[in-house]
Amino acid sequence: MGAKKEKKLKALLFDFGGTLAFLDYDLLAREFSREGRKLDALALEHAEYAGRAAIDRHLMSEGNSRATAAGYEHFFRGWMTAAGIPEEEFQECAARFGALHREATLWRVVRPGIFEALEAFKSAGYKLAIVSNAEGQVEADAKRFGLAKYFDVIIDSHIVGVAKPDPRIFQIALERLGFGPDEVKFTGDIYSIDVEGARAAGIEARLIDQHRRYTWVDHARIRHISELHRID
């Protein structure tokens, strides 16, 4: 008997923040600068990788999706430390970050090529879905940024009551799309949350690594969602 034929790719799933819409690093660099310490937006973005490394270490050692909330604390501390912000300012920066995010999501920058890639995926006949850990605002944000029209399904962890890396959030997306895990691919920017969660649901995933600085895990990486055309 011949090898089992692989099912055709029918849908592409995306994380939201850090994948489709990015942090406003210019704003954050201004907010976190102090007299005698001016932060650079690109340096702040590069430092954010230290936050990803911290949350990966935490979640991969805990092996428990319920540790995600504490993981985000590790993320912020790792990020601020790498950015050169002293520990005594962490609480103030975290409070300012939270206040700004509540006013209007800080993941608000849709970078060049995102719209074009989504248009190409839709034209190629793929169903598209967002699977995001958020606070209930992802669909509204996607509409505000002009992204929502491309998506057939938008899953917000706050709305559905389960968050990545718990595979159940991906299973909800699959149910709404009407496809099996071998008929979709996923991409996101944090390995322990996005990639590990997708894999637990039986979904092949790619890791977004725009600046090629995600060096502590060995996994297939892409720099931009437009590169997903290479996976079919």
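Where is alanine 83 found? Keep that in mind while we look at the model. It is a predicted one.

The answer first. Alanine 83 is found in the loop between α3, residues 68-82, and α4. Is alanine 83 buried or exposed? Its relative accessible area is 18%. The cut-off for buried is under 20%. So alanine 83 counts as buried.

Who are its partners? Leave aside the neighbours within four places in sequence. Then alanine 83 is in contact with Leu39, Leu44 and Ala47. Alanine 83 and alanine 50 are 33 residues apart along the chain. Their C-alpha atoms are separated by 9.0 Å.

Now follow α4. This helix covers residues 90-103. Strand β3 covers residues 107-109. The loop between α4 and β3 holds threonine 105. Threonine 105 has 5% relative accessibility, so it counts as buried. What does its side chain reach? The backbone nitrogen of tryptophan 107, at 3.2 Å. Beyond its neighbours within four places, it is in contact with Asp141, Arg144 and Phe145.

Next stop, α9. This helix spans residues 191-200. How many of its 10 residues are buried? The count is 7, and the helix is mostly covered. Find them on your screen. They are Tyr191, Ser192, Ile193, Asp194, Val195, Gly197 and Ala198. After α9 comes glycine 202. The phi of glycine 202 is positive, near 80°.

Let's zoom out to the whole chain. It has 9 helices and 8 strands. The C-alpha atoms fill a box of roughly 70 × 40 × 30 Å, taken along the principal axes. What about the radius of gyration? The chain has 232 residues, and a compact globule of that length would have a radius of gyration near 17 Å. The chain has 18 Å, which agrees.

How much of the chain is buried? Buried residues make up 53% of the 232 residues. The accessible surface comes to about 11500 Å². Carbon and sulfur atoms account for 48% of that surface.

Contacts next. Take those between residues at least 6 apart in sequence. Of these, 65% join residues at least 24 apart.

Last, charges. The chain has 33 positive and 36 negative charges.

Alanine 83 sits in the loop between α3 and α4, and it is buried.

Notes:
Residues numbered from 1 in each chain as written. Heavy atoms only, no water. Helix = DSSP H or I, 4+ residues; strand = E, 2+ residues; numbered from the N terminus. Rg over C-alpha atoms; globule rule 2.2 N^0.38 Å. Buried < 20%, exposed > 50% of the residue type's maximum accessible area, 1.4 Å probe, protein only. Contact = heavy atoms within 4.5 Å. Areas by Shrake-Rupley, 256 points an atom, 1.4 Å probe, with all protein chains shown as cover. Lys, Arg positive; Asp, Glu negative; His and termini not counted. Charge placed at Lys NZ, Arg CZ, Asp CG, Glu CD. Polar contact = N/O pair within 3.5 Å; in protein donor to acceptor, adjacent residues only side chain to side chain.
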